[in-house]
Amino acid sequence: MLKLRGLAAHAARLTRTGCNLGRNVLEEDAAALIGARRRLSTACDASGARLTGKPSTGIDARRFRFARTFHTASAALKAAEPVSVPLSKLSDNFLDGTSSVWLEALQRAWEADPKSVDPSWDIFFQNFTGSASEAAVSGQTIQESMRLLLLIRAYQVSGHYAAKLDPLGLDDRALPIELDPALYGFTDADLDREFFLGTWRMKGFLSEDRPRQTLRAILTRLEQTYSGTVGYEYMHIPDRDRCNWLREKIEAPHMTPYSKDRKAVILDRLMWGHLFEAFLSQKWTAAKRFGLEGCETLIPGLKEMIDRAADLGVESIVIGMPHRGRLNVLGNVVRKPLAQIFSEFSGGLKPIADEGDLYTGSGDVKYHLGTSYDRPTLGGKHIHLSLVANPSHLEAVDPVVMGKTRAKQYYTGDTKRKRNMGVLMHGDGSFAGQGVVYETFHLSDLPNYTTGGMIHVVVNNQVAFTTDPKHSRSSPYCTDVAKALNAPIFHVNGDDVEAVVHVFELAVEWRQKWGDDVVIDIVCYRRFGHNELDEPSFTQPKMYSVIKSHPPALQLYQEKLKRGGQLTDEEIKKTQDRVLAILNEQFEASKSYKPETRDWLTSYWSGFKGPEQISKIKNTGVNPEVLKQVGQAVTTFPEGFNPHRGIRRVYEQRQKMIETGEGVDWATAEALAFGTLIVEGNHVRLSGQDVERGTFSHRHAVLHDQENGRQYCPLDHVTPSQEGDPERFTVTNSSLSEFGVLGYELGYSMENPNSLVIWEAQFGDFANGAQVIFDQFISSGEAKWLRQTGLVCLLPHGYDGQGPEHSSARLERYLQMSDDNPNVIPEMDPSLRRQLQQVNWQVCNVTTPANYFHVLRRQIHRDFRKPLIIMAPKNLLRHAKCRSTLGDFDDIQGHPGSDRQGTRFKRLIKDVRAHGDREEGVKRLVLVSGKLYYELEEERERVGAQDVALVRVEQLCPFPYDLFLRELNRYPNAEIVWAQEEPQNMGAYTYVAPRMATALHKVNRGAFEDIAYVGRPPSAATATGFGSLHAKEQKEVVQKAIASS
């Protein structure tokens, strides 16, 4: 409920929203509000929850509700005497007016000489130029005009609090006092007086084409517009044009009613939504389906929105939603085959015939699944609909949908963002309670994240699972979070299907006009509780006693149409019989239903292979000439550009690396990987916090002219074809969000496989803020939903004394979520190897710039897609020995950077010493991953340990059994050691040890207990916060790993 501080507060809001009016508040007005504010303290519903009141029957009913305040407020207004103001105040600003005597004197002064008053008052009085005779008709004064304008503005600001939004009629909040005409000095005697509203260069009530109206007409229209079954919230938007556009749409004196044919369509769509749920309930009485009963009007609303969107140029809509009503939306909106839905209720899909051992994954419950469809519209157009799969983490899909929408816009050249649109559906509890909603909203206007506006639809059950709103949010509405981003909010009674249809159409018109987010809040109810097997009366007995006898929206609309003579019982029954006949027909078809095609790949994914299909292993080396050309492009400044002197020095060093082919560092290798992929026609996108420079000041992908601030990105100028494709390479700093931004990049990566999409965490452990995306989407999305992604996650990792929060990327968590079997060595023949295809993702901890180059390019140069988790380095970025030669990057065979398979990513790097195929003198074989290798190598050189071999496991998951077995054969007499700098309960040990043991058993070299562990002992924290203790621990690990037993 709005907290009043007098009429001054109203007028202040007028100024904030761009109106020419301001604060001309009388002392007696403030006195009247003292009592009103006390009464207002009891105005909110004790639950702080549901929306508003009883139906209005017109102006008389409205006057009845205001009867008491008419008298009390009027008495207070008369009790206060006006305060005299010195003539010296006549030049005061418009916002400083304090009495009616002063106002009248100011008006006379202005009439004599407009320049004698403050310019703000001059503007105010100019709005009444030529209106003296008009106002004289009713004896209207400037003060009355201003009060009337404040009353109108009060409805525009707060009328939604009085709207009839609750279909159950349980809301008993008192009417907002600021909507009482008596508060502004009006009485019953004024109802039929005509008032001149002025010409305010605004739309709606203050438009120039209807300046004179009776108070009764004004109040009736205000009541109908702002306090009917739709409540509009938009006055928080600080843009006059946007507010005027909405006012013109909603304050029109005569809203065009829907035609008989249009109403028949709305009824048909509502009937489909209602009968679908009834049919499921009848056929599967004991099944959870999270039905839409209580909000069936969502279905006609969505369908009308889609039709209107197509008329306005939208070609594709990406949809995300929670499980409530998902089956209904799948079947009736996105047109997933009803037979397939019914088949899922009967136990799931049968394997596709004649395709052999097809990968079907682990599957998911039916109310989490997605699909896509090209839907015809009433206007004769077609629009592509995609419903993204979503887990039970209700709002987790929000940024995924947003990222997928943005990717569609890129690949279709939709730079104006009018042809591809995103729609997100929410629950009331999750919309208010889950932080990812806010994170997603905050991406809405960022240059490299905006989608031109998302349409948000809240299915407002007025209860979150079993929790009342007074316990689930602190704001009046569940949608108040949207005000932070200046999104208009349309609250609508879910029982009024025509009102629902209207706001859906208005929402898509807003989105197409302004390119901003918009929110629809359908205030409804759940007829059967959280799910069909739940007993809601345990916690909401009053609500569900009302729901039991409350007629469904379909019944209400049918009765309305019959009363109005638009449809007869026979016509309604005919429609119902047709719908039921189709449902029964599809039910029979479901008994033998078999999907004909795999719908998990869009046209972009044509030719990409599933886990059961063999994919050829490809080289990732690049022609030396191309490497040189790309290297020159990414190390060159444009003429006249003035970089920071430190950056100039870095780029000069990179130029030397390219020229000499020696000492290529990490950042240069990354730039070469990006550049060569761009030359090959691929899209590269890198996103995350501070990625343009890099957290550790190593990347410098975007340069800043030190004299004029101009920006330059060398990777934007690798090939001439980028001139017409400015987003071919995108590197962008993100908001300070992990959950939202990682979800966004995941959605982006799912659209097209020919793109390298990377999310980089500022520090690896910060990624746990996005754990839901890792757990529910990236690690398991292909198994649950048959959706591939090649998303790359760079997680800085390494122990260098920065304490427990900046050392570990929690490597163990990603390995623990890997699904390869530790007890079975898969087929490892190079021509048959499907190990990478059959695992859920890859986890790597690479140690050379060249291997980093190849692992990135490998993501694109294969016939399938898998997520890639990289433990990105920190101190290796500038480590003197962490260098590669340019020959390690090229595609020429026969030099040290090549092996028998060609130049490609090395899953395991053998000892750098010139060891032969069999080294019986080596007594210790130490396997290590990541930057610890360089410390072990330094210690080995220091102590001269010739009998110790150091082997780097670059790809931890899936484990490189074939290469590990090769090393076991090379060192037949060696003790096997796993060395890591993480504590024993962290890092890779618990993952690699069982797999090493399986390999040892295969060659009769021992078992699990024969693997020696070297590393920190188990710990609750990832690392110590004491620098001296860190150095001591690190030294012990290094020395123990090298010392032979």
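# Reading helices, sheets and turns

Visitor: Which residues in helix 26 meet helix 27?

Guide: In helix 26, Phe 739, Leu 742, Gly 743 and Leu 746 meet Val 772, Ile 773, Phe 774, Phe 777 and Ile 778 in helix 27. Contact means heavy atoms within 4.5 Å. The contact residues divide into eight nonpolar, one polar and no charged. Nonpolar covers Ala, Val, Leu, Ile, Met, Phe, Trp, Tyr, Cys and Pro; charged covers Asp, Glu, Lys and Arg; the others, Gly among them, are polar.

Visitor: What kind of model is this?

Guide: It is a predicted model, where local features need pLDDT of at least 70 and side-chain atom pairs count only at pLDDT 80 or more, while totals for chains, interfaces and linings use all residues. Residues are numbered from 1 along each chain as its sequence is written, and side-chain values use heavy atoms, leaving out hydrogens and water.

Visitor: How many helices and strands does the chain have?

Guide: The chain has 35 helices and 24 strands. Both are DSSP runs numbered from the N terminus: helices are H or I with at least four residues, strands are E with at least two.

Visitor: At what angle do helix 26 and helix 27 pack?

Guide: Helix 26 (residues 739-751) and helix 27 pack at about 30 degrees, with axes 8 Å apart. That makes helix 26 roughly parallel to helix 27. Axes are lines fitted to C-alpha atoms, for helices over the stretch in contact, and angles run from 0 to 180 degrees between N-to-C directions. Under 35 degrees counts as roughly parallel, over 145 as roughly antiparallel, 65 to 115 as roughly perpendicular, and the rest as oblique.

Visitor: Why is helix 27 largely enclosed by the rest of the structure?

Guide: Start with the term. Buried means under 20% relative accessible area, exposed over 50%, and partly exposed in between (1.4 Å probe, protein chains only). Helix 27 (residues 771-778) is largely enclosed because six of its eight residues are buried. They are Gln 771, Ile 773, Phe 774, Gln 776, Phe 777 and Ile 778. Across the chain of 1045 residues, buried residues make up 60%.

Visitor: What order do the strands take in the open sheet of eight strands?

Guide: First, the general idea. Strands of a sheet pair through backbone hydrogen bonds, either parallel or antiparallel. Two strands count as paired if DSSP finds at least two bridges between them. Here the order is 3-9-10-8-7-4-6-5, with mixed pairing. Strand 3 (230-233) and strand 5 (371-376) are the edge strands, each pairing on one side only. The twist from one strand to the next averages 20 degrees.

Visitor: Which way do strand 4 and strand 7 run, parallel or antiparallel?

Guide: Strand 4 (residues 316-320) and strand 7 (residues 420-427) run parallel, joined by five bridges. Val 318 stands opposite Gly 422 in strand 7. Helix 15 (residues 397-411) lies across strand 4, strand 6 (382-387), strand 7 and strand 8 (454-460). Helix 15 runs at about 175 degrees to strand 7.

Visitor: What do strand 5 and strand 6 form?

Guide: They form a hairpin with five residues between them. Gly 380 in the turn has a positive phi of about 85 degrees. The two strands run antiparallel, joined by six bridges. Thr 371 has Leu 387 in strand 6 as its bridge partner.

Visitor: Where is Arg 417 found?

Guide: Arg 417 is in the loop between helix 15 and strand 7. Its phi is near 60 degrees, a positive value in a residue other than glycine. At 12% relative accessibility, Arg 417 is buried. Asn 486 also has a phi near 60 degrees. Asn 486 lies in the loop between helix 18 (469-472) and strand 9 (489-493). At 32% relative accessibility, Asn 486 is partly exposed.

Visitor: What kind of peptide bond joins Cys 957 and Pro 958?

Guide: A cis peptide bond, with omega about -5 degrees. Pro 958 sits in the loop between strand 22 (955-957) and helix 33 (961-970).

Visitor: How many disulfides does a search of the whole structure find?

Guide: A disulfide is a covalent bond between the sulfur atoms of two cysteines. The cut-off is a pair of cysteine sulfur atoms within 2.5 Å. The search finds zero. Take Cys 478: the closest cysteine sulfur, in Cys 524, is 9.8 Å from its own, too far for a bond. Cys 478 is buried, at 2% relative accessibility.
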